[in-house]
Amino acid sequence: MEAVHIENLEFSYDGETPVLKGITLNIPRGSYTAVVGHNGSGKSTLAKLIIGLLEPAAGKIEVLGWPLTEATASEIRDHVGIVFQNPDNQFIGSTVADDIAFGLENHCVPTEEMQPLIEENAAKVGMLDYLNAEPTNLSGGQKQRVAIAGILAMSPDIIIFDESTSMLDPQGKASVNAQIRKLNKEKNITILSITHDMDEAAQAEHVVVLEKGKVVAEGKPEEVFENEKMMKDLKLDLPFALKASKAFEKAGMAVRPVLSLDELVEEVCRLK
Ligand SMILES: Nc1ncnc2c1ncn2[C@@H]1O[C@H](COP(=O)(O)OP(=O)(O)OP(=O)(O)O)[C@@H](O)[C@H]1O
Ligand SMILES: [Mg+2]
């Protein structure tokens with residue numbers, strides 16, 4: 001069964017200008033999918049449609065096998081967590097701990113189970129020392145960390161991250177991304193990550209490229225990123241390791257194109 005199945009999805013905010021045009025997409029259960037594309041290509045709109053915050057003009061969305069309708073949207077939202085692009089729009093609690101607890105309360109987690117879950121997940125994003133802080137007083141990156149902790153604590157079947165680590169410092173980003181990957185592997189949680197970070201997308205199982213409301217490419221990262229001409233035409237960046245391996249190759253070294261730093265090191269060491 002697919003986590004998300006989308007067929008010929010059309011959407012417009014004003015009823016005139018098309019924003020999503022005939023999107024057809026399958027996101028397998030337990031997969032890690034990255035959605036990339038320019039500003040305004042429709043990524044956040046697609047995320048909002050998947051959780052039923054917006055209504056399609058045409059087409060079909062199924063989540064975990066259920067057709068998404070007005071009647072099923074609330075039940076579906078119990079299984080899908082989203083961390084929105086702007087962390088300011090998602091705080092409800094007066095402290096960080098309350099905020100993480102809010103989602104758990106909604107999921108009817110017994111009170112005695114809450115505290116360990118709050119602490120465990122705040123620790124995962126490096127915010128254990130801030131449990132009593134007011135969310136509004138946090139920095140942008142700290143707000144993003146708390147928003148992520150809240151969703152991780154609920155451990156829904158599907159999590160959509162909409163540029164959710166964009167304000168994190170590099171170390172924080174690497175560590176939170178590692179937590180997310182662990183959750184995906186160990187708990188089989190389906191991850192849909194909207195990102196401008198091509199290095200992160202390179203580590204996904206599946207990459208979807210949106211351009212002006214259309215899916216213009218999708219596949220394994222090596223398939224998508226190998227299409228250098230398309231990436232160039234779309235003015236999209238390539239993952240660092242791929243750019244570096246191609247530069248080595250261009251310089252006459254027998255380095256194969258690779259997608260991660262570890263593989264790049266392996267390739268270069270092989271030459272010795
Ligand atoms: N609430 C809204 N009302 C009207 N138009 C909107 C609204 N939100 C987004 N749009 C328009 O829809 C298009 C897609 O926007 P969307 O936010 O989905 O893009 P995105 O791919 O998430 O971009 P970014 O990388 O900047 O986050 C844009 O042209 C945008 O101007
Ligand atoms: Mg967006």
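Asn-8 is partly exposed, with a relative accessible area of 46%, where buried means under 20% relative accessible area, exposed means over 50% and partly exposed lies in between, computed with a 1.4 Å probe and protein chains only. This residue belongs to strand β1, which covers residues 2-11, and it has a positive phi of about 45 degrees although it is not a glycine. This is a predicted model, in which local features need pLDDT of at least 70 and side-chain atom pairs count only at pLDDT 80 or more, while totals for chains, interfaces and linings use all residues. Side-chain values use heavy atoms, with hydrogens and water left out, residues are numbered from 1 along each chain as its sequence is written, and chains are lettered from A and ligands numbered from 1 in the order in which they are written.

**Positive phi values**

- Most residues other than glycine have a negative phi.
- Asn-188, like Asn-8 a residue other than glycine, has a positive phi near 60 degrees.
- Asn-188 is found in the loop between α6 (170-187) and β8 (190-194), where helices (H or I, at least four residues) and strands (E, at least two) are DSSP runs numbered from the N terminus.
- With a relative accessible area of 49%, Asn-188 is partly exposed.

**The open sheet**

- Four strands form an open sheet in the order β2-β1-β4-β5, with antiparallel pairing, and two strands count as paired if DSSP finds at least two bridges between them.
- The edge strands of this sheet are β2 (20-28) and β5 (66-67), each of which pairs on one side only.
- Strands β1 and β2 run antiparallel and are joined by six bridges, and Ile-6 stands opposite Leu-25 in β2.
- Five bridges join β1 to β4, again in an antiparallel arrangement, and the bridge partner of Glu-10 in β4 is Ala-58.
- Strand β4, which spans residues 58-63, is joined to β5 by two bridges, and these strands run antiparallel; Val-63 stands opposite Trp-66 in β5.

- Strand β6 runs parallel to strand β7 (residues 158-162), to which four bridges join it, and the bridge partner of Val-83 in β7 is Phe-161.

**Surroundings of ligand 1**

- Ligand 1 is surrounded by 13 residues, of which the closest are Gly-40, Lys-43, Ser-44, Thr-45 and Gln-85; a residue is near a molecule if one of its heavy atoms lies within 4 Å of it.
- The residues of this shell divide into two nonpolar, nine polar and two charged, where Ala, Val, Leu, Ile, Met, Phe, Trp, Tyr, Cys and Pro count as nonpolar, Asp, Glu, Lys and Arg as charged, and the others, Gly among them, as polar.
- A polar side-chain atom of Thr-45 lies 2.5 Å from an oxygen atom of ligand 1, and one of Ser-44 lies 2.9 Å from an oxygen atom of the ligand.
- A polar side-chain atom of Tyr-13 lies 3.4 Å from a nitrogen atom of ligand 1.
- Of the 630 Å² of accessible area that ligand 1 has on its own, the protein covers 58%, with areas taken from the Shrake-Rupley method and a 1.4 Å probe.

**The aromatic pair**

- A search of the whole structure finds one aromatic pair, and rings of Phe, Tyr and Trp (its six-membered ring) pair if their centres lie within 6.5 Å.
- The rings of Phe-11 and Tyr-13 have centres 4.8 Å apart and planes at 85 degrees, so the pair is edge-to-face; planes under 30 degrees apart count as stacked, over 60 as edge-to-face and the rest as tilted.
- Phe-11 counts as buried, at 6% relative accessibility.

**Exposed loop residues**

- Asp-129 lies in the loop between α4 (111-124) and α5 (140-154), and at 75% relative accessibility it counts as exposed.
- The C-alpha atoms of Asp-129 and Glu-119 are separated by 9.6 Å, and these residues are 10 apart along the chain.
- Glu-55, in the loop between α1 (43-50) and β4, counts as exposed at 61% relative accessibility.
- Glu-55 and Glu-70 are 15 residues apart in sequence and 8.7 Å apart in space, C-alpha to C-alpha.

Key:
A polar contact is a pair of N or O atoms within 3.5 Å; within protein, one must be able to donate a hydrogen and the other to accept it, and residues adjacent in sequence count only if both atoms are side-chain atoms.
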